[in-house]
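Hello,

Please find the structure below, handed over for your use. My notes on it follow.

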Amino acid sequence: MSALIQLNNVTKHYRRGKEVIAIFEGLTLAIEKGDFVAIMGPSGSGKTTLLNLLGGTDRCDGGEIIFDGERIDGYSEGQLAAWRARSIGFIFQFYNLMPVLTAAQNVELPLMLTKLPARKRRENVETALKIVELSDRAKHKPKELSGGQQQRVAIARAIVSDPKMLLCDEPTGDLDRNTANDILGTLQLLNREMGKTIIMVTHDPEAARFANRTLHLDKGAFAEVTA
Amino acid sequence: MRDFDLVRKNLFRKPLRTILLTVSIFMAFLIFGLLTSLNVALDRASETGAASNRLIVSNKINFTQPLPIAYVNRIAATKGVTGVTHSSWFGAFYQDQRNSRFVGFAVDPETYLNLYANDVRLTDAERKAFVTERTGVIVGKALADQYGWKVGQTIPISSNIYVQANGRRSWDMKISGIFTGAKPADSTTALYFHYDYLNETATFGRDQIGNVAVRTASSDLNNSVAKAIDNVFANSPYETSTVDEKTFGQAFLKQAGDLNLIVTMVVAAAFAAILMIVSTTLVSAMRERIREIGVMKTLGFSSPRVLRLVLGEALLLSTMGAVLGLVVSALVLSVLSKSPAASTFGDLSMSPLVALSGLLLAITLGLVTGAIPAASALRMSIVDALNRR
């Protein structure tokens with residue numbers, strides 16, 4: 001397998017007042033295509049910052065980030081937005097659905113960034129909702145859905161444009177155990193059946209067990225825990 | 001789903017808030033539509049029938065003050081003058097002083113019809129009848145239609161200024177003709193009757209007139225003729241002020257004050273208030289949605305596109321309020337224009353220019369009120385937005 005995304009000697013600092021806080025000092029990481037990686041670590045270890053760098057929603061101060069053979073750390077904001085739209089699916093802890101839109105419309109949001117005709121968009125939305133088994137809830141608004149259903153809508157939104165990589169930030173952090181297992185099972189299915197590369201940040205060791213391997217992040221450095 | 005659907009759904013996420021904002025904007029545009037149309041109507045009315053080579057001579061103190069009738073011949077003798085006539089405001093009403101007032105002048109029929117031949121159109125027979133019948137009156141078509149008057153009918157026309165020697169406030173007048181204007185849209189809500197009839201029967205104002213209308217040989221001579229006339233009567237008990245007909249019309253119609261200034265100030269005040277209310281509400285509405293904006297950017301919506309979506313909401317809001325306000329004001333104006341009391345203002349309908357100005361104002365309002373939330377959405381970093389709770 002070849003690396004889908006690579007971080008080479010990445011540095012990242014935050015400024016808090018006059019104090020400069022180093023998050024990463026020369027972090028290196030490679031995630032293979034089709035991998036399902038869980039990233040664990042204590043609060044403040046840099047998990048979310050890492051996810052932001054991998055998803056192009058934050059910029060590194062040094063080093064290079066290569067996605068599918070192409071450096072993305074030098075992209076302009078517009079280039080990054082376009083790259084995220086076609087390459088990355090995001091799944092958040094609190095679902096982050098638009099309350100004014102129905103489930104189907106929420107799923108359709110990423111397709112508004114494509115040039116697909118309306119009919120094709122509808123088909124893709126139906127397929128995505130079918131994969132997460134929520135076809136019957138297409139016209140429901142988020143407040144009419146349970147937490148687990150909302151997260152499944154969020155997964156459908158993440159996969160509807162067929163991105164290569166899914167980034168999940170504590171995707172089960174707000175769910176009960178059974179629902180969490182359902183969601184994790186769906187992610188596992190997407191990885192195994194559809195070949196999606198998944199990087200999941202989690203505090204939950206149970207959730208991490210669904211991944212192919214777990215990386216432990218502490219003080220800006222990795223230690224692989226399981227394979 | 002299109003961007004417009006997203007804009008619409010976001011705008012109506014809190015329907016009550018959106019309705020209240022729309023009503024505020026509606027009120028501002030209602031005021032704009034009514035006052036601006038009134039102002040335009042006044043300007044238009046002052047220009048209607050105004051000939052470039054006609055001057056109006058009135059009392060220098062105020063055009064409501066009289067002039068001696070003897071001035072007419074002296075004015076006619078001024079170099080450059082090719083015709084003169086005179087008219088006197090009668091304060092006319094029919095039966096009910098409160099609800100049936102209209103424009104009425106006592107005139108010298110022959111010279112008046114000569115000077116205003118293009119504006120007061122009669123058949124030859126009507127013209128002849130009016131000139132020869134001492135109690136004759138000619139009425140505008142709109143006025144005649146309003147009261148169902150016919151040629152040959154005798155009608156009592158009252159005055160809120162003059163009284164007859166016998167104590168009556170009304171004069172019996174026989175309709176000699178019903179006149180039309182030069183264009184179908186011209187106002188025909190006035191009446192004209194013999195000055196001699198008034199002069200012989202009224203208890204006061206004998207041999208006094210309201211103003212003198214002068215036709216010059218050419219509009220190029222207007223200034224010199226006006227100066228010459230005013231010089232003739234300088235230092236007399238009745239000094240004159242001579243201006244072109246359009247200027248006089250504007251002064252007559254704007255007796256209440258500088259309507260342009262009043263309208264501008266009222267509309268500006270209304271819009272300043274709306275600007276504050278809408279901007280503040282949109283800024284606070286955007287604060288509630290910072291996280292959603294962050295999510296959209298994360299999904300790949302570019303900052304310029306997010307800016308367009310946010311500005312789109314402000315534009316849709318202002319356009320909705322504006323269109324409602326302009327439509328309702330156009331309806332109110334069309335109802336008002338049918339009222340006889342509004343005849344002084346001429347055509348009260350909303351002009352396309354006023355409607356277009358309103359729409360441009362709506363777009364400006366939308367852009368200005370949406371500028372702050374849109375700019376903050378544009379600048380917002382994804383990390384900061386997603387960290388908001």
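In this predicted model, helix α5 (residues 147-159) of chain A packs against helix α6 (residues 177-194) of chain A at an angle of about 15°, and their axes are 9 Å apart. Because angles under 35 degrees count as roughly parallel, α5(A) is roughly parallel to α6(A). The crossing of these two helices, α5(A) and α6(A), is right-handed.

On the α5(A) side, the contact is made by Gly147(A), Gly148(A), Gln151(A), Arg152(A), Ile155(A) and Ile159(A). From α6(A) come Thr179(A), Asp182(A), Ile183(A), Thr186(A) and Leu190(A). Sorted by class, the contact of α5(A) with α6(A) has five polar, four nonpolar and two charged residues.

Next, the interface. Between the chains, 20 residues of chain A are in contact with 16 residues of chain B. Two helices of chain A, α2 (77-87) and α3 (103-108), each supply at least two residues of the side that touches chain B. The most comes from α2(A), which gives six residues to that side of chain A. By class, the residues of the side of chain A that touches chain B are 11 nonpolar, five polar and four charged.

Finally, confidence. Chain A has a mean pLDDT of 90, with 98% of its residues at 70 or more. Within chain A, confidence is highest in α3(A), at 95, and lowest in strand β10 (residues 221-226), at a mean of 70. The helix α3(A) is also one of the elements that supply at least two residues of the side of chain A touching chain B.

Regards

Definitions and conventions:
Residues are numbered from 1 along each chain as its sequence is written. Chains are lettered from A and ligands numbered from 1 in the order in which they are written. This is a predicted model: local features need pLDDT of at least 70, side-chain atom pairs count only at pLDDT 80 or more; totals for chains, interfaces and linings use all residues. Two residues are in contact if their C-beta atoms, placed from the backbone, lie within 7 Å. Helices (H or I, at least four residues) and strands (E, at least two) are DSSP runs, numbered from the N terminus. Ala, Val, Leu, Ile, Met, Phe, Trp, Tyr, Cys and Pro count as nonpolar, Asp, Glu, Lys and Arg as charged, and the others, Gly among them, as polar. pLDDT is the predictor's confidence in each residue, from 0 to 100. Axes are lines fitted to C-alpha atoms, for helices over the stretch in contact, and angles run from 0 to 180 degrees between N-to-C directions. Angles under 35 degrees count as roughly parallel, over 145 as roughly antiparallel, 65 to 115 as roughly perpendicular and the rest as oblique. A crossing is left-handed if the near helix is turned anticlockwise from the far one by less than a right angle, and right-handed if clockwise.
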